[in-house]
Amino acid sequence: MKDFEYFSAGSLQEACALISRYQDEGKILAGGQSLITLLRQKLIGPACLIDIKGLKELDFIDYNPGSGLRIGALTTHRTIEKSALIQEKYNVLSEMEKSVASVQTRNWGTIGGNLCSADPIGDPGPSLIALGAKLKLVSTKGERTVALEEFFLDYFTTVIEPDEILAEIQLPPPAPNTGVEYMKFSAIEAGIKIVSTSVAITVEPGSDVCKEAKIIMSAVAPIPLVARKAAEMLHGKKLTDDLIAEAAKVAASETDPISDLHASAEYRKELVRVIVKRAIKKALEKAQKA
Ligand SMILES: Cc1cc2nc3c(=O)[nH]c(=O)nc-3n(C[C@H](O)[C@H](O)[C@H](O)COP(=O)(O)OP(=O)(O)OC[C@H]3O[C@@H](n4cnc5c(N)ncnc54)[C@H](O)[C@@H]3O)c2cc1C
């Protein structure tokens, strides 16, 4: 590992000042679950690490019925998984977190570190996009809010500037008559993800007519992919089995997966068709009970 300076930030303000001074030469260290591997493999060699893991001000889950949910960037996967509030109001997040890595990694890895890694096989992205997440980014110059849908740019690349820190994830209050489902396929349990999808369906009250649909697919493109054509097919329609199957086919056609040692591109496309179909049906069931 290349030598680096180490700073343990005592506050968010101090962390912002440090990253502003070092810019591209510095790296924020949260749980280190992704970063340390990159350092050890010499894929990156920053001049300094700015450790923010101890900042309590970025470790919180806060809910307000009017404005929704705020999750501090340093909240661990495990805390989100186990939060009674999230289980009650945003259950898909708790369910999704159960599929992230092992308990050990979930105990230390943070939601902010996961999103900032922008790994194309990351699990939280699709469900957070389906829930309408926004991110609060801060720097010495101030703060800005970015829709998560606009955050990812390419493999391991986001819109975050070299002097910015992700402070929190914001979600609107749960939408009425809405169900959200996350489905992931791995060849072996806790193995590397082949594909996943998160689907949000809003129905007209007491019916199976779709008012709003969002379909997000992952591991089939460099960033979480929003299946716009497939979702459009569902708007305003009765969600019959035939329509759902057709929309899933269209969703698969919107993907551009790669072949690698885990799966061929063709296999990924076929899997997407299957899991999108199942996820729409599950989300519909949830929406009708919501
Ligand atoms: C064995 C193993 C299995 C895994 N399996 C899965 C899986 O199944 N699904 C999945 O989604 N993920 C998986 N991961 C990835 C894991 O979820 C992430 O490594 C973890 O969430 C990253 O969080 P961290 O706090 O450790 O981030 P770090 O490793 O500390 O940081 C990651 C990156 O984000 C930057 N960063 C961190 N926090 C901030 C911030 N607040 N603002 C700005 N930049 C920041 C860092 O500079 C770095 O570039 C796995 C990881 C391991 C080690």
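Which residues line the largest cavity? I looked that up and got Asn114, Leu115, Ala118, Asp119, Pro120, Gly122, Gly125, Phe152, Ser218 and Pro224.

Ground rules before I go on. I'm looking at a predicted model, where local features need pLDDT of at least 70 and side-chain atom pairs count only at pLDDT 80 or more, while totals for chains, interfaces and linings use all residues. Residues are numbered from 1 along each chain as its sequence is written, and side-chain values use heavy atoms, with hydrogens and water left out.

**Entry: the cavity.** I searched the whole structure and found one cavity of 30 Å³ or more. A cavity is a set of points, on a 1 Å grid over the protein atoms alone, where a 1.4 Å probe fits but cannot get out; lining residues have an atom within 4 Å of a point. About 70 Å³ of space lies inside the largest cavity; a volume here is the space filled by probe spheres set on the points, which are joined across faces, edges and corners. I sorted its lining by class and got five nonpolar, four polar and one charged. For the classes, Ala, Val, Leu, Ile, Met, Phe, Trp, Tyr, Cys and Pro are nonpolar, Asp, Glu, Lys and Arg are charged, and the others, Gly among them, are polar.

**Entry: a pocket.** Next I checked the second largest pocket (a pocket is an open set of points with protein on both sides within 12 Å along at least five of seven lines). The second largest pocket holds about 420 Å³ of space. Of its 22 lining residues, Leu131, Pro174, Ala175, Thr178 and Val180 are the closest to the centre. The elements that give two or more residues to this lining are helices H4 (84-89) and H5 (91-98), plus strands E11 (178-186), E12 (193-203) and E13 (210-218). Helices (H or I, at least four residues) and strands (E, at least two) are DSSP runs, numbered from the N terminus. The lining of the second largest pocket splits into 11 nonpolar, six polar and five charged residues.

**Entry: the ligand.** How many residues surround the ligand? I got 29, and the closest are Ile28, Ser34, His77, Thr110 and Asp123. To count as near, a residue needs a heavy atom within 4 Å. With His77, a side-chain N or O atom is 2.6 Å from an oxygen of the ligand. I noted that H7 gives the largest share of the shell around the ligand, four residues. By class, the shell has 13 nonpolar, 13 polar and three charged residues.

**Entry: strands.** Two strands pair if DSSP finds at least two bridges between them. I followed E6 (134-139) and E7 (142-147), which run antiparallel and are joined by six bridges. They form a hairpin with two residues between them, and Leu137 sits opposite Arg144 of E7. E4 (61-64) and E5 (68-72) also run antiparallel, with four bridges. Ile61 has Ile71 of E5 as its bridge partner, and the E4-E5 hairpin has three residues between its strands. Last, I traced an open sheet of four strands, E11-E12-E13-E14, with antiparallel pairing.

Note on methods:
A polar contact is a pair of N or O atoms within 3.5 Å; within protein, one must be able to donate a hydrogen and the other to accept it, and residues adjacent in sequence count only if both atoms are side-chain atoms.
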